[in-house]
Amino acid sequence: MEVTELPPGLTYDGPLVEAASGGEENNWVHYGKVKQYTNAFVIQDDLKVLLGYKKRGFGMGLWNGFGGKVDPGETAAQAAVRELEEEAGITAPLKHCGTLFFVVEGVDTAFNINIFSAYEYEGTITESDEMRPEWFAIQESMMPPRNPLSIIDHGEKQEALPPIPLETMWADDEFWMPLMFARRHFVGRADFGADNKMRRWWFGATPA
């Protein structure tokens, strides 16, 4: 069913269908200011994705894409390219594929995160002071069995890589990453309690 109303903080000009939701017994957390961030993912052959292990700062000890704050005077797209090069040593033809909105209980500032993806890259993947890059196999549960935009024979190119480590990633990732791998534009909001556990969430995407 097409979505007619989005959670506070989300906007999208086009048809969306709900992909996942939960915690409806909780109200959406109030927020004041909004800060802009980016997160970028390099995907190859619809089989593997490049993630980075956060070595310091916010999210330390978790695997994620490559990104950070949008600096004054930058667009989100420019910030995504810069952050990918700073954190992983590579450049890629990133395209916007989704938007996430995070609110943490007790924190006045919400996080608006523009998500970017690319299917090729240039340069040598290099560990940085902040991130340790590593390839992970996209497990079947995260990828639609048939992707109409893919011409890859998965059986011939499968590598012996560890699967995406959802147990050491942000709790919301399991809901929206399959939408990214399916090449469906998505939006989503997740509210976290002071214990960093999700208390309410909603994710929607363009119709399959």
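**Reading the contacts and pockets**

Author: Buried means under 20% relative accessible area, exposed means over 50%, and partly exposed lies in between, for a 1.4 Å probe and protein chains only. The model is a predicted one, in which local features need pLDDT of at least 70, side-chain atom pairs count only at pLDDT 80 or more, and totals for chains, interfaces and linings use all residues. Residues are numbered from 1 along each chain as its sequence is written, and side-chain values use heavy atoms, with hydrogens and water left out.

Reader: How many aromatic pairs does a search of the whole structure find?

Author: Rings of Phe, Tyr and Trp (its six-membered ring) pair if their centres lie within 6.5 Å; planes under 30 degrees apart count as stacked, over 60 as edge-to-face and the rest as tilted. Searching the whole structure gives 13 aromatic pairs. Strands and helices here are DSSP runs numbered from the N terminus (H or I of at least four residues for helices, E of at least two for strands).

Reader: Why is the pair of Phe 175 and Trp 201 stacked?

Author: The ring centres of Phe 175 and Trp 201 are 5.8 Å apart and their planes lie at 25°, so the pair is stacked. Phe 175 is in helix H3 and Trp 201 in strand S11, so the contact ties together parts that are 26 residues apart in sequence. Phe 175 is partly exposed, at a relative accessible area of 23%.

Reader: Which residues do ring pairs link into a cluster?

Author: The cluster consists of Tyr 37, Phe 58, Phe 102, Phe 111, Trp 170 and Phe 192.

Reader: Which charged end sits over the ring of Trp 135?

Author: A charge sits over a ring if NZ of Lys or CZ of Arg is within 6 Å of the ring centre and within 35 degrees of the ring normal. Over Trp 135 it is the charged end of Lys 48, 4.5 Å from the ring centre. Likewise, Arg 183 lies over the face of Tyr 119, at 4.0 Å from the ring centre.

Reader: How many salt bridges does the count come to?

Author: Side chains of opposite charge can pair when their charged atoms come close. The rule asks for a side-chain nitrogen of Lys or Arg within 4 Å of a carboxyl oxygen of Asp or Glu. The count by this rule is nine salt bridges. One of them joins Lys 55 to Glu 127, with the closest N and O atoms 2.8 Å apart. Lys 55 lies in the loop between strand S3 (48-54) and strand S4 (63-64), and Glu 127 in the loop between strand S8 (122-123) and strand S9 (131-137), so the bridge ties together parts that are 72 residues apart in sequence. Lys 55 is partly exposed at 31%, and Glu 127 is partly exposed at 45%.

Reader: Which residues are linked in a network of salt bridges?

Author: The network links Asp 71, Glu 74, Arg 82, Glu 83 and Glu 86. Asp 71 and Arg 82 meet in a salt bridge of 3.4 Å, N to O. Asp 71 lies in the loop between S4 and H1 and Arg 82 in helix H1, so the pair ties together parts that are 11 residues apart in sequence.

Reader: How much space lies in the largest pocket?

Author: On a 1 Å grid over the protein atoms alone, a pocket is an open set of points where a 1.4 Å probe fits, with protein on both sides within 12 Å along at least five of seven lines; lining residues have an atom within 4 Å of a point. Grid points are joined across faces, edges and corners, and a volume is the space filled by probe spheres set on the points. The largest pocket holds about 630 Å³. It is lined by 27 residues, of which Tyr 37, Phe 58, Asn 64, Ile 113 and Trp 170 are the closest to its centre.

Reader: Which residues lie nearest the centre of the second largest pocket?

Author: They are Lys 95, Cys 97, Ser 117, Tyr 119 and Arg 183, from a lining of 13 residues. The space in the second largest pocket is about 220 Å³, and S6 gives the most to its lining, with three residues.
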